Amino acid sequence: MGEFVVHRVRFFDYMPSAIRAMAFNGSTQRLAVARGDGAVEIFNFADNYFQEKVIPGRSDRAIEALCWVRGRLFSAGLSGEIIEYDLEKLRPRYSVEAYGGPIWTISSNSQETLLGVGCEDGTVKMFEILEERIQFQRNLDRQKGRIISLSWHPSGAQIAAGMIDMIRIFDAETGKSTLKRSSQNRTAPKTHVVVWSVAFLSNDTVISGDSAGKVQIWDAVTGTLIRNHLITKWDVLGLAVSQDESSVIAGTSEGTVVQFQALASTMGQENNQWVRTRTFKNHTHDVRALVHTDTAVVSGGMDTQLVVRPLLDKVEKNTQESALRKILFPHKSLVCCARKAGLLLFQFPDHLELWRLGESRQAGDRLPVMKNPEKLIQLQNKGEDHICCSAVSPCGSWVAFSTVSSVRLYKLQLSNGNISIKKMLLRAFSAFLSFPGSSQPIHLLSASENGNWLAAANTDGQIHVFNLHKLKVSSYLFLHCTLPVYSSCPTAIAIHPTTGHLLSAHADQQIFEFSLKLKEYTAWSRSLQREGLHPLWLQRDTPITHIAFNRNKPAHVFLHDAFMFCIIDQSLPLPQARKKLYNQMDLKTISPQKRMQESHAFKICKMFQHLLSIHLLDDSSLVVVERPLADIVSQLPPPVRQKKFAT
């Protein structure tokens, strides 16, 4: 694998934002996740749970609920606006003021013709869903307290609303309240009970979760309480129902997710009863958002992790689908490296930080730091929009970043320990990228080291290569070639500095190498697809986010995900399925002759954990940027106090 001087960086104070809301589109297998900073992330569950799109947040955007309607995504929040998002341009398409104060919940009927929103002023406002926009239709009967949760009956004729101390059921056509049920805590009548979530089933059953820690089952026709489950001393913050309405999950402030199933108490009985069957403990803090798919429970909350917990009675055991997944870090790099200058650029939502790496002049396994890392500048973004992406030039003289509305470029000058920065004026773009037959956003760019080629990939799986050399004499970008479209989305692309080959990694963990000169896959890539990748490689659940090359050893390819760093030596044979994949430590204990027999192309190092970025500098030293999970947990607010055994 070779020896490297490693700069182990842990001063990137990246802090993911809490998950506030989720919505799942079963027809496209897309999960939308809203963060506390106003960002919206789109995960493709059909493509190995890859985070294919991110809509940047805003400082003044606080999202409380999300809703899918015919492939269109809507959000509502404390600003009092309903926003529809443009999933191609990755920005809000338009916003509509509801004029009811902060909006706490949003829900559409099963016919996908109406949106209902619950407002602070006690109204449920109905909006008609048109082709291009939504249009206000009417208010339902105003109530005295805020509307906190909503759920439509599958027929679309009624809508249930959760409030403080009560549940209301409205006739969707007349707007009149047809039923009122009190949910007050009888053991503590002076304490208000907040109905955080309601679910309206097709058999006229209403299920509620409240701040008294109860999941209650109600008869929506008579208004009687059928069953009462006390599952926590704290709040039940969310509910989600399976597609066939046979299972309900509830998220609590303790970080637990409790499953209820409709089961027959005796053999042959037609009327099923809701029985508590499972409890999952995968979070440390509030579980604010839940989704119940056909095969899994998806949860998220204050601890910032997106957890996909398979239901083992719905999936085949000992398969990739049956594995528990925790998604904490974004599926793109937030770190850029100036490899010639030894600088690192860290991207935060509202600012950038440029750091100079530390230095050591001694030899050994652990090198003492002779000169500490130094933060050179902090670039603050002006305005409410958060930063989409950023980059620093290899020489460290240029820094650029963009928001949804602007692109900014700065020139840096370092001399005698002093640094100066100058904002450059950008003229109107004279060239733009477009992919024939696709309107999906471009999410990956990679330029060759000599500046002749630019590779671009979009979320449809298309990869195009453009000739930048001709751009010097023309205002148009000339398309050089298009790679064969692969079914899985690219997660990282890079152009080799000496061979000119384009390497791409995909969400399903496949790897391809394409010759830009011959416009075809290389012999190594064909051999890789013919023999197949090792099963343990394909079972990894985090995508490759960065690819790099070693100029001194052209056969070496550097790549990493969140939990491993790998050097692929293209001169060695590929690992066979019967051989160990993670065998670097084992090879050190055997004889040199046997070591050559067991050696293969994939040199994997798992010494570093929670990797955000790995870069190779021009002096052949490695920069490894880590973000230990313990550091993130230490910055979270304290969880609710829980009684533990023997304390």
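User: How do you know which residues of helix 1 are buried?
Analyst: Buried means under 20% relative accessible area, exposed over 50%, partly exposed in between (1.4 Å probe, protein chains only). In helix 1, residues 523-531, Trp524, Ser525, Ser527 and Leu528 are buried. Helices here are DSSP runs (H or I, at least four residues), strands likewise (E, at least two), numbered from the N terminus. Residues are numbered from 1 along each chain as its sequence is written. Because the model is predicted, local features need pLDDT of at least 70 and side-chain atom pairs count only at pLDDT 80 or more, while totals for chains, interfaces and linings use all residues.

User: Why do the buried residues of helix 1 line one face?
Analyst: Seen down the axis, they fall within an arc of 160°, so they line one face of the helix. That arc is taken from the directions from the helix axis to the C-beta atoms. The face turned away from the buried side carries the exposed residues Ala523 and Arg530.

User: What makes strand 46 and strand 49 edge strands?
Analyst: Two strands pair if DSSP finds at least two bridges between them. The open sheet has 4 strands in the order 46-47-48-49, with antiparallel pairing. Strand 46 (546-550) and strand 49 (602-605) each pair on one side only, making them the edge strands.

User: How do you know that strand 47 pairs with strand 48?
Analyst: 5 bridges join strand 47 (residues 553-560) to strand 48, and the two run antiparallel. Leucine 559, for example, has cysteine 566 in strand 48 as its bridge partner.

How values were computed
Side-chain values use heavy atoms; hydrogens and water are left out.
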